[in-house]
Amino acid sequence: MEIWDLYNKHREITGKEHIRGEKIPEGYYHLVVHVWIRNKHGKYLISQRAANRPTCPLMWECVGGSVLKGEESVDGAVREVKEEVGITLDPSKGEKVFSAIRDFIDGKSFRDIVDVWLFEYDGELQLQNATTDEVADCKWMSYDEIKSLYDSEKLVNTLDYFFDVFSNDRNSAN
């Protein structure tokens, strides 16, 4: 059972907790992290969701997930990366590059605060060290390759912010 802290729209912890899978009450939000990992060539680590995932199976995305009760955003980011793609990152090396409150997207209730993190990493891909089976594959891709995935509807559509946040990387790693 996964338990989350609930926040208000001002990003303040309310003292209420939430069990994953239950409906989040109106006016409350849980904290989610998206983690973009960029190498020295300007390419990003993109992961393919496993076929058994309940939403968006086999689609491509960045690493991410829900922050657990008592966990800070950056610590959730580091944990998710270790779980999903087997890479150990230093939390002090992360940079929060974007944050947003999401109530509804395409009519679906999200009720989350998403923090987008950027980490630089030049080591080997270590999917074999992942501690979950959430990811089927991962690879390094340039901004333009990620845009091509998005245009062909193979990238999770809620990651459309990537093209604004990382627009300076366009054409830099082809």
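Reader: Where do I start? What does the secondary structure come to?

Author: Start with the elements. This is a predicted model, and its secondary structure comes to 3 helices and 9 strands.

Reader: Which pattern does the protein follow along the sequence?

Author: Read the elements in order. Here the pattern is β-β-β-β-β-β-α-β-β-β-α-α. The radius of gyration is 16 Å, close to the 16 Å that the globule rule gives for 174 residues, so the protein is as compact as a globular protein of that length.

Reader: What does the C-alpha trace span along its principal axes?

Author: About 45 × 30 × 30 Å.

Reader: How much of the protein counts as buried?

Author: Burial is read from relative accessible area. A residue under 20% is buried, one over 50% is exposed, and one in between is partly exposed. By that reading, 46% of the 174 residues count as buried. The surface is a separate matter. The accessible surface comes to about 9,100 Å². Carbon and sulfur atoms hold 46% of that area.

Reader: How should I read contacts along the chain?

Author: Look at how far apart the partners are in sequence.

Reader: Now a single helix. Which residues of helix α2 are buried?

Author: Helix α2 covers residues 143–151, and its buried residues are Y143, I146 and L149. Look down the axis of α2 next. Those buried residues fall within an arc of 120 degrees, so they line one face of the helix.

Reader: What comes at the two ends of α2?

Author: S142 sits in the loop between β9 and α2. It is buried, with a relative accessible area of 1%. S142 and D169 are 27 residues apart in sequence, and their C-alpha atoms are 8.1 Å apart in space. Now the other side. Just after α2, E153 takes a positive phi of about 60 degrees.

Reader: Which other residues have a positive phi without being glycine?

Author: Look at the backbone angle, then at the place in the chain. R11 is one of them, with a positive phi of about 70 degrees. R11 is found in the loop between β1 (3–7) and β2. At 31% relative accessibility, R11 counts as partly exposed. L58 is another case, with phi near 65 degrees. L58 has its place in the loop between β4 and β5. It is partly exposed too, at 44% relative accessibility.

Reader: Where does R53 lie?

Author: R53 lies in the loop between β4 and β5. Its relative accessible area is 22%, which makes R53 partly exposed. R53 and E134 are 81 residues apart along the chain, yet their C-alpha atoms are separated by 6.8 Å.

Reader: Is G15 buried or exposed?

Author: Exposed, with a relative accessible area of 65%. G15 is found in strand β2, residues 13–19. G15 and A100 are 85 residues apart along the chain, and their C-alpha atoms are separated by 21 Å.

Reader: One last residue. Where does E71 lie, and what does it touch?

Author: E71 lies in the loop between β6 (63–66) and α1 (73–85). E71 is buried, with a relative accessible area of 15%. Leaving out residues up to four places away in sequence, E71 touches D5, G76 and R79. P25 is 46 residues from E71 in sequence and 21 Å from E71 in space, C-alpha to C-alpha.

Key. Residues are numbered from 1 along each chain as its sequence is written. This is a predicted model: local features need pLDDT of at least 70, side-chain atom pairs count only at pLDDT 80 or more; totals for chains, interfaces and linings use all residues. Side-chain values use heavy atoms; hydrogens and water are left out. Buried means under 20% relative accessible area, exposed over 50%, partly exposed in between (1.4 Å probe, protein chains only). Helices (H or I, at least four residues) and strands (E, at least two) are DSSP runs, numbered from the N terminus. The arc is that of the directions from the helix axis to the C-beta atoms. The radius of gyration is taken over C-alpha atoms; the globule rule is 2.2 Å times the number of residues to the power 0.38. Accessible areas come from the Shrake-Rupley method with a 1.4 Å probe; for residues, only the protein chains shown count as cover. Contact means heavy atoms within 4.5 Å.
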